[in-house]
Each structure stands twice: as C-alpha cells, then as structure tokens.
Amino acid sequence: VLFRSAEALPTRPAWTNPASTDFWAPTVGRFGSTYVMFFAARRPGIAGGNDQCIGRAVSASPTGPFTPDSSTFSCGVPTSTSPNGGGALDPEVFTAPDGSKYLLAAFSDTSQPIRVIPLDATGQKAGGITVLAGLEFPWEYPFIENPSMVRAPDGAYLLAYSAGDWRTGTYTTATARCSTPLGPCTKAPARSP
C-alpha cells in the first residue's frame, strides 16, 4: 500500500511567531459539512505570558487544505505570572454520544490543570473553560498534558492524560473517571499510572 501525504495547513496563521517553526498536536473534528482542525503553535513573545496557543482552521475535507483563523482560539487562562494568558497546547476534539463536541487541552505550560471547552456546531467556543484534572499525585509532577477522552461501557467518561517529565523514563499515561465530558473527574492511584 502506498501512502501519500499532503500539507494540511499550507498557509501560516497570521497570529503565529514568524521566527518559530513549531506547529504540533493537530486534531480534527467534523462539524456538519465542515472539518475543523485545532493545533498548537507559538505566538510572538509577549511580556507576562506564555507564547503557546491553540489555533483553529477549517476545510471541506479532513485532509485539507485547512484555512486558519486570523486570531488564536485560546492562549490559556491568565495566571499571576502570566497575565496575558498562561499558554495552551495539546488540543483534542471529543464527540460525546449525543453529538455534542468538546475541546480538551493542557494549559499554562502544562503545569496547570487539563481543561475542557464546549464547542458549538461550527467548532467555536460555546461556554466557559472548565477544569477536568490537575496535578495531584507525586508521580504526576511537573507536567500534566496530552488529554484524550472516551466513553466507557458503564457510561462514565475516561480521561487519559500524560504526566511526569517527558524528558525522563518516568513519563507515564494515566486515567481519570469523569461523570460527564465537563467533569467532575476523579483520579485514583490504584488505576493510574
């Protein structure tokens, strides 16, 4: 079998840092007849903020080409050390059994909790940002990131995430059980890592 690749995002988003080639963690969801891609990239350095942001782009095909929005989708939530936004990365689209869609993401350079944003029928924000899971156990420090969610046979929602230091062999994957896609979520040492 031969595989072909194509440039999914041929036009660089206007809001990204022209000195950076960092584009990572793409996820694509279908919203009606449109496909929406979310991705992480860097914005130009700003005083009092993390430069990692989530962008959004649209296409008529899941393989693109995608046309990026002119501004960021989310640069995180303000923190005491990052008043202009603490950063956002590792987006993941989750579709619930009822068809509702959510964007999970890591925030604030992955030292802050994983959060979720409800999405409307066009892939835009449809509500506020809700915390799903933060750093809790010693083996999770210093980072929590890379969220993904599935619906379990028993009706619970399972949040999978990466934790620890990605530069070491102790980096791991763990899970939390959530009542809804918006939480609340509970972690247990017996289940994770």
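**Disulfides and cores**

Tutor: This is a predicted model. Start with the disulfide that joins Cys 178 to Cys 185, where the S to S distance is 2.0 Å. The torsion about the S-S bond of Cys 178 and Cys 185 is about 105 degrees, so this disulfide is right-handed. Cys 178 and Cys 185 are both buried.

A search of the whole structure finds two disulfides. The other one links Cys 53 with Cys 75, S to S 2.1 Å. About the S-S bond of Cys 53 and Cys 75 the torsion is about 105 degrees, so that disulfide is right-handed. Cys 53 sits in strand β3 (residues 52-59), while Cys 75 sits in the loop between β4 (67-68) and β5 (88-95), so the pair ties together parts 22 residues apart in sequence. Cys 53 is buried, and Cys 75 is buried too. Counting bonded cysteines along the chain, the pattern is 1-2, 3-4.

Now the packing. The largest nonpolar core has 18 residues. Phe 94, Leu 104, Leu 132, Met 149, Leu 159 and Tyr 161 have the most contacts inside it. Two or more residues come from each of β6 (101-107), β7 (114-119), β8 (130-133), β9 (143-151), β10 (157-164) and β11 (172-178). The largest share, four residues, belongs to β10.

Look at Leu 104. Leaving aside neighbours within four places in sequence, Leu 104 is in contact with residues including Phe 94, Val 116, Leu 132, Met 149 and Leu 159. Its contacts also include Asp 90, Glu 92 and Arg 115. A second, separate core has 12 residues, among them Phe 31, Phe 73, Ala 88 and Val 93.

Conventions: Residues numbered from 1 in each chain as written. Predicted model: local features only at pLDDT ≥ 70, side-chain atom pairs only at ≥ 80, totals over all residues. Heavy atoms only, no water. Disulfide = S-S within 2.5 Å. Buried < 20%, exposed > 50% of the residue type's maximum accessible area, 1.4 Å probe, protein only. Core = buried A, V, L, I, M, F, W, Y, C linked by side-chain atoms within 4.5 Å. Contact = heavy atoms within 4.5 Å.
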